[in-house]
Amino acid sequence: MPVDKIYEAVLDYDDDEIAGLVTAELAAGTAPQAILDDGLVAALDTVGAQFSEGTLFVPEMLMAADTVKAGLDILRPILAETGMKPIGTVVIGTVKGDLHDIGKNLVSMVLEGAGFRIVDLGTDVEPQKFVDAALENNADIVALSALLTTSMAAMERAVGVVSAANETSNLNVRILVGGPPVTDDFAAKIGADGYGVDAPTAVGLARGFVQ
Ligand code: B12
């Protein structure tokens, strides 16, 4: 495969070399979409699988994500020029009262790599802000992150406000939740549409939501 070196560079966390490799591959005439799908995203899928197997851990996942981000910085303007349509729009944020953002950023990056447009509201986000941003951006998915046990109540409130807006306003989003204190049972109990234990799972669920 022509993009093997890019794939390998992500698995080697080579964020110094990746920009040069992507630029060289573009100069050689490889399609930007192939570089994205078969190089950057394929490597992240491998990283995700190794993470799920327990043979690779969060620091490596972050280094791989950083490497992909450096490659995306080169590809993003070119993909925008070629008119590649995003496969969906995700409004994402960490819920009210919670300032942790590393996991959210990782989920955002991987979703972006998978072809979604990301509207990142940051941390400590009021429930209504998710609704306003989703309406403004015609979003398909609202994604909520929480790291603190004490943030779970804020997540429940946010899901309630977004769900109510789905019923009463011109909003039609699926709600994805994640973060260490969250479980499948909790997600179901508060009325979320899906719970992602990690970034690769988030991509699988988000793809399913826009199909
Ligand atoms: C880094 C860190 C901080 C940093 C945050 C910096 C930042 N920019 O994020 C700082 C120093 C600011 C911080 C502050 C605090 N922290 Co802190 N922090 C951590 C730490 C060490 C790492 C968290 C992290 O980034 N993990 C790495 C990421 C990649 O993992 P992740 O967030 O779990 O995300 C993955 C999944 O959960 C999932 N995911 C996450 N979000 C989403 C969203 C969606 C939609 C989906 C699908 C998936 C998904 O995908 C991600 C990638 O796989 C954890 C301990 C730990 N080891 O987890 C404590 C920890 C979370 N913190 C804790 C605490 C108590 C605090 C403070 C209250 C401390 C204090 N007394 O001030 C404050 C709270 C401030 C606030 N209001 O938020 C506790 C929480 C305990 C609890 N259960 O409530 C922890 C667990 C430490 C501990 N063992 O006590 N913290």
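Two strands are taken to pair if DSSP finds at least two bridges between them. In this predicted model, strand β1 (residues 88-94) and strand β3 pair in the parallel sense over 5 bridges. Within this pairing, Gly93 stands opposite Leu144 of β3.

Strand β3 also pairs with strand β4 (residues 174-178). The sense is again parallel, over 5 bridges. Two contacts of this kind can be named. Ile141 has Arg174 of β4 as its bridge partner, and Val142 stands opposite Ile175 in β4.

These pairings belong to an open sheet of 5 strands with parallel pairing. The strand order is β2-β1-β3-β4-β5. Strands β2 (116-120) and β5 (194-196) form the edges, each pairing on one side only. Neighbouring strands of the sheet are turned by 25 degrees against each other on average, direction ignored.

Strand β3 (residues 141-145) is mostly covered, with 5 of its 5 residues buried. Burial holds for both faces of the strand. Ile141, Ala143 and Ser145 are buried on one side. Val142 and Leu144 are buried on the other.

Helices complete the picture around β3 and β4. Helix α7 (residues 152-168) makes a right-handed β-α-β unit with β3 and β4. Helix α9 (residues 199-210) lies across β1, β2, β3, β4 and β5. Its direction relative to β4 is about 175 degrees.

Key: Residues are numbered from 1 along each chain as its sequence is written. This is a predicted model: local features need pLDDT of at least 70, side-chain atom pairs count only at pLDDT 80 or more; totals for chains, interfaces and linings use all residues. A residue is buried if 20 or more other C-beta atoms lie within 10 Å of its own, exposed if 12 or fewer, and partly exposed in between; C-beta atoms are placed from the backbone. Helices (H or I, at least four residues) and strands (E, at least two) are DSSP runs, numbered from the N terminus. A crossover is right-handed if, with the strands pointing away from the viewer, the path from the first strand over the helix to the second runs clockwise. Axes are lines fitted to C-alpha atoms, for helices over the stretch in contact, and angles run from 0 to 180 degrees between N-to-C directions. Two residues are in contact if their C-beta atoms, placed from the backbone, lie within 7 Å.
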